[in-house]
Amino acid sequence: MGPHTLSQVLRHIPILNDPRLLVGLDTSDDAAVYKLSDDQALIQTVDFFTPMVDDPYLYGQIAAANALSDIYAMGGKPLLALNIVCFPDCLPHTVLEEILRGGAEKVKEAGGIIAGGHTVRDAEPKYGLSVTGLAKPGQITANTGARAGDVLVLTKPLGTGIIINGIKAKLVSEAAASEAARSMSALNKPASEAMLRHGAGACTDITGFGLLGHASEMAEASGVTLEIDFSALPLLPETMDMARMGLIPGGAYNNREYLRDRVKLDEKLKPEEQMLLFDPQTSGGLLLSIPAPGAEKVVGELAEQGVRAAIIGRVLPREEKLIRVLADARC
Amino acid sequence: MVHKTVDCRGLACPQPVINTKKALEEEGITSITTIVDNDVARQNVTLFAKNAGYEVAGETKDGVFYLHINHQSGALPQKEAALQQPKTASPAGLAPVYLITTNSLGQGSPDLGQVLIKSLFTTLAETDPPPAALLFLNTGVFLTCDGSDVMSQLEKMHGAGTAVLSCGTCLDYYNIKDKLKIGSVSNMFEINNRLTGPQKVISIA
């Protein structure tokens, strides 16, 4: 659902104030956080979606990596996961077996346990997980913790929405498609562990609302403005080629419409470069707000583990707009 | 002047862009009107056509968008720009485009394959007119990088106006982008434009 519709609908849900609920509905965060004791907090999230790739095993991996990511974005470790499945009668059972195998392997890689699940008959397959995780209450990397003076780190390349569209159009090379698949199915576990080691103040994962959608949630919740340097953004191979050809997902246009008054984009950015900033991501990376020395260490340590992270901007005191995007901060 | 109408009503993204692209690539088509019924398709088709060097004028009737796509007056679209590339093209015909996807010609002994590929480039460098473009993909990109056996032949053709393009994804994949010695880094979009241009395409695989 688009950010505009979602915020309209959620307005009518009463917000309950309980001191044990550390993160709830009000700050547009990735997961709910509930304080169990002074040294333990429970993190709860759910995420599922329709297939974006043809291979059921890969789809299972991506959906699971995406659901687990919400736990990582809060600074937690996954404990238990429950499968959520919608599946049609007309497809062979082996397809579902492959989806679940992909999901189970990702949960295992994350150090969690799949403890059950629920299935519903539906015309179109859908898969995802409800995940329960644990964190230390003092280490929750909520959206509210970005501070002016921090820098911004993004831990996966952008462009999955555009590349998926390009794959549908049969214009993406095999090498670029498998690079995108690798990126979408990769856990945000190393990125989450690195940010906890080096003192990130805030974190969110980049998914359906695009880089600027999720960045603006963080800016709003923290009362700051985020400055993003377009030239520093890590991109999946062939993303700009596909964007230039007009292979922009509809969700990107929805995201741009919703954010129109909250972001200021450099006039030097070409139309396709602007759209990339709103491109809905499937199982995207983490966006961190972190002091500069820690950021360098996070990027360096992740590079050693084969994770493409980059410093993409900085946190400023709150200005009129939530986000400011420069074409090239070096100019 | 051949005009074509491409009706994309009811089609989901990315189909309107693909259908528009296919129509523009057809022989002899100089202008098209793409009809779409949603704003995402309108914006995407416009973005595609403008970036491919066309002029786009849009009108709306009863919630349906009519996008009139024409060659830009003054500037030539990429497809025709390719046509002008080989300045030495003989009037009898256009110089061909070579698509090179290997650094070893043919199957069998790799040593023989390398001898043959060198022989091919020596021959190409002597042809008149020289090729319009050399497109290097997959292991073909090793030929445009440091350590290539055919650098002098490439330099001769490049100097005579032959476009030398190496696939960026391939250079990245083999981790040799910093070793590129001749021509420029290209992408599938540009390569595809060359392949669908008016020249004859010869594949070396």
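Two strands count as paired here if DSSP finds at least two bridges between them. Helices (H or I, at least four residues) and strands (E, at least two) are DSSP runs, numbered from the N terminus. With that in hand, here is a walk through the structure.

This is a predicted model, in which local features need pLDDT of at least 70 and side-chain atom pairs count only at pLDDT 80 or more, while totals for chains, interfaces and linings use all residues. Residues are numbered from 1 along each chain as its sequence is written, and chains are lettered from A and ligands numbered from 1 in the order in which they are written.

**Chain B**

Let's begin with the sheet in chain B. Its 4 strands form an open sheet in the order E1-E2-E4-E3, and the pairing is mixed. Strand E1 (2-7) and strand E3 (54-61) of chain B sit at the edges with a single partner strand each, so one side of each has no neighbour in the sheet. From one strand to the next, the twist averages 20 degrees. (Angles run from 0 to 180 degrees between N-to-C directions, and axes are lines fitted to C-alpha atoms, for helices over the stretch in contact.)

Inside that sheet, strand E2 (residues 29-36) of chain B runs antiparallel to strand E4 (residues 64-71) of chain B, and 6 bridges join them. Look for Ser31(B), which stands opposite Asn70(B) in E4(B).

Two helices lie across these strands. Helix H2 (residues 39-51) of chain B lies across E2, E3 and E4 of chain B, and runs at about 160 degrees to E3(B).

Zooming out, chain B has 7 helices and 9 strands. Of its 205 residues, 37% are buried, where buried means that 20 or more other C-beta atoms lie within 10 Å of the residue's own (exposed is 12 or fewer, partly exposed is in between, and C-beta atoms are placed from the backbone). Two residues are in contact if their C-beta atoms, placed from the backbone, lie within 7 Å. Among contacts in chain B between residues at least 6 apart in sequence, 70% join residues at least 24 apart.

**Domains in both chains**

Each chain has a domain assignment; the bounds come from an automatic or database domain assignment.

| Chain | Domain 1 | Domain 2 | Distance between C-alpha centres |
|---|---|---|---|
| Chain A | 31-139 | 143-326 | 22 Å |
| Chain B | 2-71 | 78-204 | 32 Å |

In chain A, how many residues of domain 1 are in contact with domain 2? There are 17 residues of domain 1 of chain A in contact with 17 residues of domain 2 of chain A. On the domain 1 side, H2 and helix H3 (93-109) of chain A each supply at least two residues. H2(A) gives the most to that side, with 10 residues. By class, the domain 1 side has 9 nonpolar, 5 polar and 3 charged residues. (Nonpolar covers Ala, Val, Leu, Ile, Met, Phe, Trp, Tyr, Cys and Pro; charged covers Asp, Glu, Lys and Arg; the others, Gly among them, are polar.)

**The sheet in chain A**

Chain A has an open sheet of 6 strands in the order E1-E2-E3-E6-E4-E5, again with mixed pairing. Its edges are strand E1 (21-23) and strand E5 (113-121) of chain A, each with a single partner strand, so one side of each is left without a neighbour in the sheet. On average, neighbouring strands are turned by 20 degrees against each other, direction ignored.

Strand E2 (residues 32-37) of chain A pairs with E3(A) in the antiparallel sense over 5 bridges, and Tyr34(A) stands opposite Leu42(A) in E3(A). H2(A) packs on this sheet, touching E3, E4 and E6 of chain A, and its direction makes about 30 degrees with that of E6(A). H3(A) packs on the sheet too, touching E4, E5 and E6 of chain A, at about 170 degrees to E4(A).

Strand E6 (residues 126-135) of chain A pairs antiparallel with strand E3 (residues 40-49) of chain A over 9 bridges. Here Phe49(A) stands opposite Tyr127(A) in E6(A).

**Where the chains meet**

The contact between the chains takes 20 residues from chain A and 17 residues from chain B. Among the elements of chain A that give two or more residues are helix H4 (160-168) and helix H5 (174-185). The side of chain A has 11 nonpolar, 4 polar and 5 charged residues.
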